[in-house]
Amino acid sequence: MTMMAWWVLLVFVGALLALARWQNKADHIFGLVLMMLYLPGAISSEALLASAANNGLITLVLLICTAFVLEKTLLLQRAAAWMLTLDFERCWWRVVLSSIVSSALLNNTAIVSILLGPLRSITHHPARRLILPMTYAVSMGGMLTLVGTSTNLIVNSMMIEAGLPGFHLMDFFPVGVCVAIVGIIWLWWRRDQLPATPLSTESVEHYLVEGRIQSDSPLIGKTIAQAGLRHLQRLFLVEIVRSGEKICPVPPHAQLVVDDRLLFLGDPASIGLLARFKGLASYAQRQGLNADELTEVLILPDSPLCGLRLKESDFRAKFDAAVVAIRRNGEALSGVIGEQILCGGDFLVLATGKDFLGRANLTKNFMIIRGAKPAATIKPLTEWLMIGGFLLAITLSAFGWVSLFKSMVCYLSILLLSGTLTLNELRRRFPLGLWLIVMSALALAKAMETSGLMGVVTYLVKVHLEGASPHWALVGMLVATWMVTEIITNNATAAMMLPLALALAQGLGVSPLPFAMAVAFGASCSFVNPYAYQTNLMALNAGEYRLVDFLRLGLPLALLYLAVVAAFVPLFFPFLPG
């Protein structure tokens, strides 16, 4: 191998290891990959620009931007109301089937985000037996069409960049529907395996609430018992932080001094009780906001806030909100709120300002659980025109009358000209991180080809796998992709594994289509690790599941999923097409 081929191999392996270590930093890692390829000349300026303007990549961006208008409609809210019947079995089937159908065209995260609220609030059925099956159904439904999930579009983009024919809209459907049928049967058969205990309505035992003793407080010098802080309704004093040292447990005779940080566990809605104590200010009050209107949010796994200390995150300036309380499933928090390092899946209770809902960065950082939510202001006629226009664009592409790229460009133009979608909304929803990931992956694949690394891999496959069954090679690629996607994100998995799949197919002298399908399906087979996929993490927190729940239901589902894909992909995409 040439020195450049060794360098590209080093970048590839380093990127895989970095993605396994820092799952939430995929865009940063791929940005570094791009720089490490471009500076030493592993990829030319022309190839870099071609990767950035790849037809499949631009189509992916257009789909994400235009699908936003459907999230503004009440389509899914109406569907949620229709699902929740009094009969549990009918309700289960409606939830699962509606999730599969809707995720074939809409963004998976948006569907889960919209349906979690109604499912969490249901009282006549065990919500835990609906939330996780709904999440798994959304993942399987995304594999019914080319536009159902971003991994399919990433694979399609890289196929086009490699000079191979891309996929059509419904190419995924035959295999996807087989996977969905087997998956639904498994989820229905094991529906009673999930816990039936009701969700904690307010999770009062988990939230960490903070108050600080001000310099003018009459509480200074009093003991905890004298101040009346021992028996607050739905708030329990668990810790005092004084000059960087913790007092825990808190004895009733402990005297209060200025700048004491009092940490309570309980219901953030009861924070008004602290207002009765003069000179005891909450974290939100110190940020200049009153806790009259509380909003509960969930931090998304790919939020830029992840890994930042709260006091260093510039939270108030970014969102016109301050944190009243924080909760993290499975972990008892300790220490002052401002020192907490934010993580994906954290629940925050916010005191919000007037401009909170107007901030453009909300959807990139939070899922709003309850409280302030943007009101739908779309007229019914406009709403149905938006839905009809999107379905028309997809239908024209499905029948091959117009390319998906052209139909999405026309649809986006109509949305902008009519004012249904504004430039501000477009800027807010532009998937810059995903665009960078795919562009870098395309550049990496090109560098592997031009450096000769792809040829070396192909040669090794020819030498060592000569006479080997392509079916077993397909199974190996499928399982390897599944194992990687349980460690790193699905989009990063698709981007990293497809070049290897194409080299494997070329070395075996067979069609690359079944191996590309194996990567697409394997990258979306994330049912075991709740932290590997955004919707899994949302279900983990909203449904208050344990890891064992994902293992019991998700691991057999993943194995069934892989078996069906391995059996049916060669039937619909032969290794040696005649």
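How many cavities of 30 Å³ or more does a search of the whole structure find? The search finds 2, a cavity being a set of points on a 1 Å grid over the protein atoms alone where a 1.4 Å probe fits but cannot get out. Grid points are joined across faces, edges and corners, and a volume is the space filled by probe spheres set on the points.

The model is predicted: local features need pLDDT of at least 70, side-chain atom pairs count only at pLDDT 80 or more, and totals for chains, interfaces and linings use all residues. Residues are numbered from 1 along each chain as its sequence is written, and side-chain values use heavy atoms, without hydrogens and water.

**The whole protein**

Display the protein as a cartoon: its secondary structure comprises 24 helices and 9 strands (DSSP runs numbered from the N terminus; helices are H or I of at least four residues, strands E of at least two). Of the 578 residues, 54% are buried (under 20% relative accessible area with a 1.4 Å probe, protein chains only).

**The second largest cavity**

Next, select Met 140, Val 179, Val 182, Gly 183, Leu 557, Leu 560, Tyr 561 and Val 564, which line the second largest cavity; lining residues have an atom within 4 Å of a point. Two or more lining residues come from each of α10 (173-189) and α24 (547-572). Colour α24 separately, as this helix gives the most to the lining, with 4 residues. The cavity has a volume of about 30 Å³.

By class, the lining holds 7 nonpolar residues, 1 polar residue and no charged residues (Ala, Val, Leu, Ile, Met, Phe, Trp, Tyr, Cys and Pro count as nonpolar, Asp, Glu, Lys and Arg as charged, and the others, Gly among them, as polar).

Key:
Buried means under 20% relative accessible area, exposed over 50%, partly exposed in between (1.4 Å probe, protein chains only). On a 1 Å grid over the protein atoms alone, a cavity is a set of points where a 1.4 Å probe fits but cannot get out, and a pocket is an open set with protein on both sides within 12 Å along at least five of seven lines; lining residues have an atom within 4 Å of a point.
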